[in-house]
Amino acid sequence: MKISAEQCGCCGVCVAVCPHNILELSSMMIITHEGCENCNLCMVVCPLGAIKDGKNEI
């Protein structure tokens, strides 16, 4: 998973749905910790389309 800093609005929706609690909302960005299991919930709920799978370039 990759989060585009340019597209991300730091709304925190992805943080709220992550079942593994690897996402953290900072004042200026989403911080990703280790442990992502590629469930893609964050990509599905992101209203700005700022999250892509790690296989594709943003």
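I looked up the surface first: the chain exposes about 4,000 Å², of which carbon and sulfur atoms supply 52%, with accessible areas coming from the Shrake-Rupley method with a 1.4 Å probe, and only the protein chains shown counting as cover for residues. I noted that this is a predicted model, in which local features need pLDDT of at least 70 and side-chain atom pairs count only at pLDDT 80 or more, while totals for chains, interfaces and linings use all residues. Residues are numbered from 1 along each chain as its sequence is written, and side-chain values use heavy atoms, leaving out hydrogens and water.

Next I checked burial, where buried means under 20% relative accessible area, exposed over 50%, and partly exposed in between (1.4 Å probe, protein chains only). I found that 21% of the 58 residues of the chain count as buried.

I then turned to the largest nonpolar core, which has 10 residues, among them C14, C18, L23, I30 and C42; such a core is a set of buried Ala, Val, Leu, Ile, Met, Phe, Trp, Tyr and Cys residues joined through side-chain atoms within 4.5 Å. Leaving aside neighbours within four places in sequence, I saw L23 in contact (heavy atoms within 4.5 Å) with residues including M1, C14, C18, I30 and C42.

Finally I looked at V17, which counts as partly exposed because its relative accessibility is 28%. Beyond its neighbours within four places in sequence, V17 is in contact with L41, C42 and V45, and I noted that V17 and V45 are 28 residues apart in sequence and 8.0 Å apart in space, C-alpha to C-alpha.
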